[in-house]
Structures are given as C-alpha cells and as structure tokens.
Amino acid sequence: MKSQDFIALDERYGAHNYHPLPVVISWAEGCRVKDPEGKSYLDFLSAYSAVNQGHRHPKIIKAAKDQLDSSTLTSRAFHNDKMGPFLKKLCDFTGYECALPMNTGAEAVETALKAARRWGVEVKGVQNGKQEIICVDDNFHGRTIAVISMSSDPDSTVNYGPYVPGFKRVPYGDAKAIEGAITANTVAVIVEPIQGEAGVVTPPEGYLKAIRESCTKHRVLFIADEIQTGFCRTGKRFAWQHEGARPDIMCLGKALGGGIMPVSAIVADHAVMDVFTPGTHGSTFGGNPLASAIGVAALEVLEDERLDENAERLGAIFRDEVAKIRCPKMKLVRGKGLLNAVVFEKGFEAWNVCVALKDAGLLAKQTHGNIIRFAPPLVITEKELREAIGIIKTVFEKIA
Ligand SMILES: *Cc1c(COP(=O)(O)O)cnc(C)c1O
C-alpha cells in the first residue's frame, strides 16, 4: 500500500478529530522518519516532545524487549519488581520525595488537581466543594472533561458542557493577576512554564518565581505542568529550573515513556502526596512493569547523554540562524532550548509552509494558524540541525 492508501483508510474509518499533514510514517530512528515510499524526513515535532530521546533509542528498546520476556502487567493489586526502582529513579531525577505513576499526560494533570483539592480540605482546611484552582488563558493541559474545563480554547471546549466548576482563569504571564485571584478557598495555581500548544509562549522573566512566592505566602500549591517542557526539552531538566521556582507538584508525561508507550506521573513531597490513601485514586496500568522498565531507561538516556546541555547549545544556534533568514512574513523566533517556534504575521496561514517543509524533507506542524513549532528529538546532532536550518531557509525564502 502507498501513503495515499493509508491516509484514505484513516479518513474513512477514523473519527475526524485531527487534521494531520499528508505524510505517513512507517519507519523511524533517531531524528529521522521515512514514509512507505522510502522518502526520509527530519522529525521536528518529536510527537509533541514525547520522543526527546529520539525514535527507537537502542537502550530504551532493549529495556522494553527484556521486560517483555519477564512480566508486563500486574495491576496495583500486587507489587511488582519494576515500579519501585522506577519511582526511585524518577524521584532522584526530579528531586522530589514521592511519585504517583499514571499513563497519559491528562491523567497526570487530573491526579494533580485531585491531590490539590484533597490537600485543600485535609491540610489547608477549605470546606469540601469550595476548593478553587487558578489556571491561565491559552493553557493546554489535556483533553478530559475536568481538564478542558480550564481551557480558553473554543475548539477544546465547544458543546462539551456542563463543565467542571472550581476553576478561575487569569491572563498568562501576569503574576499580579494570579496573586489578585487568590482567595481563602484557593488550593492551587496550575501553569505551563512555557505554553507549548499555545505556540511556545514564554512568559516574562521572573513569572514563575513570582507565582512561587504568591503560593508560599498564601498557602496555595504551585502545580507546574511540565509534560511538554520537562525532561531536558528547554535546556534544563525541567523548565522551572530556569528560575529556581520549585513547584509543589509537577505533572510529567510524554518523554517519560521514551517514545514507546504512554507513561506519566506526578511528583511531590510527602506533605502533599500523603493525602492519597488506599482506594482514593488509581490506575490499572499506572506503574506497570513494562512502563516502569521503559521509564528507567528513558531517564538514564536523558542523563547519560546530557540531553539538557545538547538542547541548550543547539537551541541557541537554531534561534540565531533562523532569525537571520530573510522572510518578510516572519515576525519572530522564540523559545528555550530545543522548544522553539517561528511566529509569522497575524492572519498568515502556515499550513502551506508546513507542507512545503515536508516536501523538502522536514516535518513540523503549525499551531494557531500563523505559528510553526520546531522541536526535534534532543539527540539531534549539530550537523543534522544545520541540515534542517538549510531546509527551513530554502522554504522560508520562497514565501511570497
Ligand atoms: C501533551 C500535553 C498534555 C496532555 O498529555 P496527553 O498524554 O496527550 O494526555 C498535558 N499538558 C501539556 C502541557 C501537554 O503538552
């Protein structure tokens, strides 16, 4: 079968809840993917940062294969011999006391919201049902009903009511607005340190630090959704480290699964995590041996290959070089580490540019019409990065 046949099957039998670029991937390794016709592409989306370690990293593949030969799924009704070592590794990597494993990112966010609401009642003394959580405009935290109830994006929310109450939304990047929205019933503030889906929106310097201070002052939990920004993507292990603004809860996902399977978690210290007691939260697949073995390998690769340093160094080159491209429609290049975006002028449709990039051998996706995100696997070499910049230059210079 050819690419167009696979696309036709998706169209015919799939729900139409995505609008993918017309490309089919049937093989992948490192930073490169191929279509069934054998055409090769540089992957500059990395499955929305779920493939930070590169496609099919040999160490992670080996860990998965080895684990398939011993045990894969036990449920949490029993202990298994892989979850404990995984949680220890995750705590060591993040610097938190405990971790609670789930599967998808949205589940990690739900877990953080539940932890915060329960903490609000049992530790802070808020009456159950009155807990408030502050979120921000243009957030993206996932697709479940509670999570979209925080969203300001009409596409995410249209006709999905009734929405979950208890959220207050303020503008992103404005720490005073957060401070002003805090009441006696506020239990948490949730933000992305950089808003990935919104178009790699970086808040003003000092924003996270100011949130941390407000939260400490008013006894409110600071939840950072690091599902996309975490695991070395922005040049540090976690994006909050750019400001030393340590959250009370971190939501983690995507690259924790090493590009193989969904693995998510929240991490926190005992003072927060101990609100969970037997039976009060769970997941059949969370912490399963296969996911745990993959999670350990995924973290080891980030560490051993110093992918934070690679992201920091190559990200700076990327922004410098792309900013030099002569393209009148291009307004700015922004981001941190290897989480970057090019913003075109308002009203510009970047879809055709993404199609042209694809035809030239680079896969990237536009967001909000006029923004293209560039986020390659963090194992990318300088040579591969410069090859990509060459493709981007050729395509951008042709934009009329
Ligand atoms: C992708 C993402 C999520 C949701 O993760 P899923 O695994 O798709 O549920 C949540 N928050 C952020 C910041 C994300 O980028």
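1. Asn 288 sits in the loop that runs between helix 10 (270-273) and helix 11 (289-304); helices here are DSSP runs of H or I with at least four residues, strands are runs of E with at least two, and both are numbered from the N terminus. Asn 288 has a relative accessible area of 5% and is therefore buried (buried is under 20% relative accessible area, exposed over 50%, partly exposed in between, with a 1.4 Å probe and protein chains only). Not counting residues up to four places away in sequence, Asn 288 touches Thr 72, Leu 73, Asn 80 and Met 261, where contact means heavy atoms within 4.5 Å.

2. On the basis of these points: the model is predicted, with local features requiring pLDDT of at least 70 and side-chain atom pairs counted only at pLDDT 80 or more, while totals for chains, interfaces and linings use all residues. Residues are numbered from 1 along each chain as its sequence is written, and side-chain values use heavy atoms, with hydrogens and water left out.

3. Ser 214 belongs to helix 9 (residues 207-218). Its relative accessible area is 5%, so Ser 214 counts as buried. With neighbours within four places in sequence set aside, Ser 214 is in contact with Glu 179 and Ile 182.

4. An open sheet is built from 7 strands in the order 4-10-9-8-7-5-6, and the pairing is mixed; two strands pair if DSSP finds at least two bridges between them. Strand 4 (98-102) and strand 6 (167-170) are at the edges with a single partner strand each, so one side of each has no neighbour in the sheet. Neighbouring strands of this sheet are turned by 20° against each other on average, direction ignored. Within the sheet order, strand 7 (residues 186-191) and strand 8 (residues 221-225) are joined in the parallel sense by 4 bridges. In this pair, Ala 188 is opposite Leu 221 of strand 8.

5. Helix 5 packs on the sheet and touches strand 4, strand 5 (132-136), strand 6, strand 7, strand 8, strand 9 (249-252) and strand 10 (264-268). The direction of helix 5 makes about 155° with that of strand 7; axes are lines fitted to C-alpha atoms, for helices over the stretch in contact, and angles run from 0 to 180 degrees between N-to-C directions. Helix 5 covers residues 105-124, 20 residues in number, and reaches 27 Å from its first C-alpha to its last, close to the expected 28 Å (the expected span is 1.5 Å times one less than the number of residues). Its buried residues include Ala 108, Val 109, Ala 112, Leu 113, Ala 116 and Trp 119. Just after helix 5, Gly 125 has a positive phi of about 95°.

6. Strand 2 (residues 32-34) and strand 3 (residues 40-43) run antiparallel and are joined by 3 bridges. Arg 32 is opposite Leu 42 in strand 3. The two strands form a hairpin with 5 residues between them, and Gly 38 in the turn takes a positive phi of about 95°. Strand 3 also runs parallel to strand 13 (residues 362-363), with 2 bridges; there, Leu 42 stands opposite Leu 362.

7. How many disulfides does a search of the whole structure find? The search gives 0, a disulfide being a pair of cysteine sulfur atoms within 2.5 Å. The sulfur of Cys 98 is too far for a bond, because the closest cysteine sulfur, in Cys 91, is 6.2 Å away. Cys 251 is in no disulfide, and the nearest cysteine sulfur to it, that of Cys 135, is 13 Å away. Cys 98 counts as buried at 11% relative accessibility, and Cys 251 counts as buried at 0%.

8. The count of aromatic pairs is 10. Rings of Phe, Tyr and Trp (its six-membered ring) pair if their centres lie within 6.5 Å; planes under 30 degrees apart are stacked, over 60 edge-to-face, and the rest tilted. Phe 231 and Phe 238 have ring centres 5.3 Å apart and planes at 65°, so this pair is edge-to-face. Phe 231 is buried at a relative accessible area of 0%, and Phe 238 is buried at 0%. Phe 318 and Phe 374 make a tilted pair, 5.5 Å centre to centre with 50° between the planes. Phe 318 is in helix 12 (residues 307-323) and Phe 374 in strand 15 (residues 371-374), so the pair ties together parts 56 residues apart in sequence. Both Phe 318 and Phe 374 are buried. Ring pairs link Phe 44, Phe 318, Phe 344, Phe 348, Phe 374 and Phe 396 into a cluster.
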